[in-house]
Amino acid sequence: MAKKNAKVEKIWATGRRKKAIARARICEGKGKILINKKPLEEYFKSELLQNEVKTALNLVEMADKIDTEITVNGGGLTGQAGACRHAIARALVLFNETFKKTIKDAGLLTRDPRMKERKKYGLKKARKAPQFSKR
């Protein structure tokens, strides 16, 4: 018989996308996903972003067996959703090593390296130059 105050093993992992950083903590449960202490549907209103966050969980069929608590900051909503997906995928591999091949084949363990290019002096943005005047 399990004690009510028995410690549940929680696994931490970090995910990144653009300027967003997400720290995910997963443990066995009923499938609740909290992002910055808000339910998934309240934080990401878009169905597309909600599905992106749940990609790894659905892939290994653990969406209703694992509770996820995520802290995310930086970047925009799309970057944050990508960071959450990356963090969950990495946490699932630590949770169960047999998920690694499935998650890796889907490309969820690879960090998306695309970042905003820095602005250069003499230019208006990273590559946009001021209008050229012949005279």
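How many salt bridges does a search of the whole structure find? The search finds six, a salt bridge being a side-chain nitrogen of Lys or Arg within 4 Å of a carboxyl oxygen of Asp or Glu. This is a predicted model, where local features need pLDDT of at least 70, side-chain atom pairs count only at pLDDT 80 or more, and totals for chains, interfaces and linings use all residues. Residues are numbered from 1 along each chain as its sequence is written, and side-chain values use heavy atoms, leaving out hydrogens and water.

**Salt bridges**
- Arginine 17 pairs with aspartate 112, with the closest N and O atoms 3.4 Å apart.
- This pair links distant parts of the chain, 95 residues apart: arginine 17 sits in strand β1 (residues 11-17) and aspartate 112 in the segment after α4. Strands are DSSP E runs of at least two residues, and helices are H or I runs of at least four.
- Arginine 17 is buried, at 14% relative accessible area. Buried means under 20%, exposed over 50%, and partly exposed in between (1.4 Å probe, protein chains only).
- Glutamate 117 forms a salt bridge with lysine 120 (2.5 Å, N to O).
- Glutamate 117 also meets arginine 127 in a salt bridge (3.1 Å, N to O).
- Arginine 127 is exposed, at 67% relative accessibility.
- Glutamate 117 is partly exposed at 36%, and lysine 120 is partly exposed at 24%.

**A residue in helix α3**
- Glutamine 80 belongs to helix α3 (residues 77-95).
- Its 8% relative accessibility makes glutamine 80 buried.
- Beyond neighbours within four places in sequence, glutamine 80 contacts residues including Tyr43, Phe44 and Val72; contact means heavy atoms within 4.5 Å.
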